[in-house]
Amino acid sequence: MGGIAKKHQACLIAVGGTANHVHLLISESKNVALSDLLEGLKKSSSTWSKTQGVAFAKFHWQDGYAAFSIGASQVAAVKDYLARQKEHHLKKSFQEELIEFLNKYGVQYNEQYMWG
């Protein structure tokens with residue numbers, strides 16, 4: 001994913017996730033739209049995953065994504081959070097955490113479209 005990000009003029013700083021989701025901490029390019037970056041990341045990584053054996057032949061990402069910005073002072077905390085994803089999600093599912101986060105920051109959403 002780091003190589004894919006680089007092709008979109010972005011820098012992958014950290015990755016974390018579990019079997020059902022991934023978090024990426026990326027320094028985004030000012031010249032490439034976020035939607036183009038994520039389309040490239042999802043398309044290229046999905047194509048690569050399908051070459052990794054029969055178990056991954058039907059791999060695909062969900063249609064959507066969530067993206068949030070942080071300040072430079074938050075990078076260390078986010079890197080720490082990403083490093084502890086498996087432990088963290090033993091207490092709270094990804095879905096529960098995302099809904100809680102969206103509610104905390106007043107982001108409007110329709111859950112009907114979130115988990116397709």
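This note covers the aromatic pairs, a nonpolar surface patch and the surroundings of one leucine in a predicted model.

1. Basis. The model is predicted, with local features needing pLDDT of at least 70 and side-chain atom pairs counting only at pLDDT 80 or more, while totals for chains, interfaces and linings use all residues. Residues are numbered from 1 along each chain as its sequence is written, and side-chain values use heavy atoms, with hydrogens and water left out.

2. Aromatic pairs. Rings of Phe, Tyr and Trp (its six-membered ring) are paired if their centres lie within 6.5 Å; planes under 30 degrees apart are called stacked, over 60 edge-to-face, and the rest tilted. The count by this rule is three aromatic pairs. One of them joins phenylalanine 59 and tryptophan 61, edge-to-face, at 5.0 Å centre to centre and with 85° between the planes. Phenylalanine 59 is partly exposed at 24% relative accessible area, and tryptophan 61 is partly exposed at 27%. Here buried means under 20% relative accessible area, exposed over 50%, and partly exposed in between (1.4 Å probe, protein chains only).

3. Phenylalanine 68 and phenylalanine 101. These two rings have planes at 75° and centres 4.6 Å apart, so the pair is edge-to-face. The pair links distant parts of the chain, 33 residues apart: phenylalanine 68 is in the loop between α2 (34-49) and α3 (75-83), and phenylalanine 101 is in helix α5. Helices (H or I, at least four residues) and strands (E, at least two) are DSSP runs numbered from the N terminus. Phenylalanine 68 is partly exposed at 44%, as is phenylalanine 101 at 34%.

4. Cluster and patch. Phe68, Phe101 and Tyr105 make up one aromatic cluster. Tyrosine 105 lies in the segment after α5 (94-104) and is exposed, at 52% relative accessible area. Phe68, Phe101, Tyr105 and Val107 make a nonpolar surface patch of about 380 Å². Patch residues have over 30% relative accessible area and no salt bridge; like charges are joined within 9 Å and nonpolar side chains (Val, Leu, Ile, Met, Phe, Trp, Tyr) within 5 Å. A salt bridge is a side-chain nitrogen of Lys or Arg within 4 Å of a carboxyl oxygen of Asp or Glu. Areas are from the Shrake-Rupley method with a 1.4 Å probe; for residues, only the protein chains shown count as cover.

5. Leucine 12. Leucine 12 belongs to strand β1 (residues 11-18) and is partly exposed, at 22% relative accessible area. Beyond its neighbours within four places in sequence, leucine 12 contacts (heavy atoms within 4.5 Å) Met1, Gly2, Ala5, Leu24, Leu25 and Ile26. Methionine 1 and leucine 12 are 11 residues apart in sequence, with 7.5 Å from C-alpha to C-alpha.
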